[in-house]
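Please look through the sequence and the model below before reading the notes. They are meant for someone new to reading protein structures.

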Amino acid sequence: MSRTVSSWILSSARSSIVLQGKGRWYSIRIPNRNKVKWKLVFSKTCPYPAGSCSLDRTFSLPKAFRHTSTEEEHFSFQLSPAQINDILRAGELSHKTLDLNGKNASSVLRFESNQLASNSPIEDRRSAATCLRTAGMMFGVFDGHAGAACAQAVSERLLHYIAVSLMSRQSLEEIELAVEAMKPVRPILQWHRHPSDVGYQEITSQYFENLRVYWQHLLDLDTELGFSLEEAMICAFKRLDSDISLEVQAPQENELMRNIALQVAFSGATACVAHIDGVHLHVANTGDCRAVLGVREEDGTWSTLPLTRDHNAYDEFEIRRLKREHPRSEEKTLFVNDRLLGILMPSRAFGDVQLKWSKELQHSILENSCDVEALNIYQYVPPNYHTPPYLTAEPEVTYHKLRSKDKFLVIASDGLWEMLSNEKVVKLVAGHLTELSVQKPPLTFKKPVNLGYMHNLLLQRKSKGLASLDRNIATHLIRHAIGSNEYGEVDPEKLAAMLTLPEDLARMYRDDITVTVVYFNSETIEDYYRNH
């Protein structure tokens, strides 16, 4: 490990303010405080014993590689290339879509995804599924804050709510009759999951019952036309957030389920979901995850087409929206230090009932709950909290009709976009595509062959980058996000340092990163336009 990189890490550690919280130490670096979404951060170990409910089950960095001290003599940044790859590739997920004849007839050719934790455990989640009762595929990225509970619940439930919103009245009646008769219900979604992407098994039945109440509500609407896709996504987002709020208010005898409902409602999550059906792409976004299209122009150059806006204090539309929704007397206190009410970075999110409920409701729920501090829940009412709700989960939905030049879609949590620009991400994916399309040329020898000649030939082949380091493009992006130097090249020493940062330092330099890249089938898209 070079002295330069280690000195950079250690000097940063020593310029931090170290606070003692309940159950854990925190280092908060003043220049980078805006990277932490919640300004007030508390931590407590999970109240459930081993083998019971776990709120954070996705991959986190193996403890063997993480440091817990910022003292110089305790630092060791030595990771072998194999260890680095093991860490970076642990969350890899990929899937290629095929029809029954083995030929891809979908506009989605394949997708590749990965995650890397900064928080311990990771607070990001992801989802991918094929719709079985309606057409299309869905992909979601969910960025949790104040814990992973809300992101976990939303990742399990939101795609079901969208799918139900899109189903015909006949299909809804069929599944309702099946449930009433206690007959098996055909699946609504086919999930594409990583082995670590597990859910709340203990509360699945309650989630299903609340989903049933939602489709009963849709049947009661008595409309034959149903929702447009945009309407379906908006309705699903809002209904799920409402259910999260109501579930924690409902009487609950089961203490475990009660505790999960509390943690889900009092933590939060932003969400970005893409629905792709043929050439029709809809992206629903709440918060500061982001979706970007990679477009290959006719002259071979690449361009970037953003499909979302970051909902935060830097967006003029969000500022104007919130000012319209609250009295003029609150204009100067809506955003303080670029945070909603001085607390939260994103201005739209699921959960976070502290910024949605009245003071009286918050007090009532927490007062009647057992040992909420053990669940990492603290009652805090910010100053100038007069006219809630200040936060909404209503998404902005963007429609885009795919063209043959639209090659891929990148959906990622803000941990990626803090490190790499839209343009840089598209450039990296495009370069990776080009690299994979180049076949490894056989080694051709000129006689006589000597050792020096062979060594030079191998060096030339390596320098041309004909062998891709990462087969999974999401891993490739994460590697560049945390390991790139000022020249845009991956620095192995910086990469090792960023992967071995102590838990109390890691969050100062990088957030959890979740990336899903969806590749489009240009031939299928071209066929659509030929046939239409």
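The numbered points below go from the whole chain to single residues.

1. Basis of the notes. This is a predicted model, in which local features need pLDDT of at least 70 and side-chain atom pairs count only at pLDDT 80 or more, while totals for chains, interfaces and linings use all residues. Residues are numbered from 1 along each chain as its sequence is written, and side-chain values use heavy atoms, with hydrogens and water left out.

2. Overall make-up. The protein has 16 helices and 17 strands; both are DSSP runs numbered from the N terminus, helices being H or I with at least four residues and strands E with at least two. Of its 532 residues, 52% are buried. Buried means under 20% relative accessible area, exposed means over 50%, and partly exposed lies in between (1.4 Å probe, protein chains only). Among contacts with a separation of 6 or more, 76% join residues 24 or more positions apart; contact means heavy atoms within 4.5 Å.

3. The six-stranded sheet. Six strands form an open sheet in the order β3-β4-β17-β16-β10-β11, with antiparallel pairing. Two strands count as paired if DSSP finds at least two bridges between them. The edges are β3 (93-96) and β11 (302-306); each has a single partner strand, so one side of each is left without a neighbour in the sheet. From one strand to the next, the twist averages 15°. Strands of a sheet pair through backbone hydrogen bonds, either parallel or antiparallel.

4. Strand β17 and its partners. Strand β17 (residues 513-520) pairs with β16 (residues 406-412) in the antiparallel sense over five bridges. Leu-409 has Val-518 of β17 as its bridge partner, and Ala-412 stands opposite Val-515. β17 also pairs with β4, again in the antiparallel sense, over eight bridges. Arg-110 stands opposite Tyr-519 of β17.

5. How β17 is covered. Eight of the eight residues of β17 are buried, so the strand is largely enclosed by the rest of the structure. In a regular strand the side chains alternate between the two faces of the sheet. For β17, one side holds Ile-513, Val-515, Val-517 and Tyr-519, the other holds Thr-514, Thr-516, Val-518 and Phe-520, and all are buried. Helix α11 (residues 422-437) lies across β4 (108-116), β10 (290-296), β11, β16 and β17, and runs at about 130° to β11. Axes are lines fitted to C-alpha atoms, for helices over the stretch in contact, and angles run from 0 to 180 degrees between N-to-C directions.

6. A helix pair. Helices α3 (residues 149-166) and α5 (residues 204-220) pack at an angle of about 25°, with their axes 11 Å apart. They are therefore roughly parallel to each other. Angles under 35 degrees count as roughly parallel, over 145 as roughly antiparallel, 65 to 115 as roughly perpendicular and the rest as oblique. The contact involves residues including Ala-153, Glu-156 and His-160 of α3, and Tyr-207, Leu-211 and Trp-215 of α5.

7. Helix α13. All eleven residues of α13 (residues 473-483) are buried; among them are His-476, Arg-479 and His-480. Asn-472 caps the N-terminal end of this helix, with a side-chain oxygen 2.8 Å from the backbone nitrogen of Ala-474. A polar contact is a pair of N or O atoms within 3.5 Å; within protein, one must be able to donate a hydrogen and the other to accept it, and residues adjacent in sequence count only if both atoms are side-chain atoms.

8. Ser-267. This residue lies in the loop between α7 (255-266) and β8 (268-277). Ser-267 counts as buried because its relative accessibility is 1%. Its side chain reaches the backbone nitrogen of Cys-150 at 3.0 Å, and a polar atom of that side chain lies 2.7 Å from the backbone oxygen of Gln-263. Not counting residues up to four places away in sequence, Ser-267 touches residues including His-145, Ala-149, Phe-350 and Asp-352.

9. His-192. His-192 sits in the loop between β7 (189-191) and α5. With a relative accessible area of 8%, His-192 is buried. His-192 and His-95 are 97 residues apart in sequence but 7.4 Å apart in space, C-alpha to C-alpha. The side chains of His-192 and Thr-130 make a polar contact (2.8 Å). Leaving aside neighbours within four places in sequence, His-192 is also in contact with residues including Leu-93, Phe-111 and Met-137.
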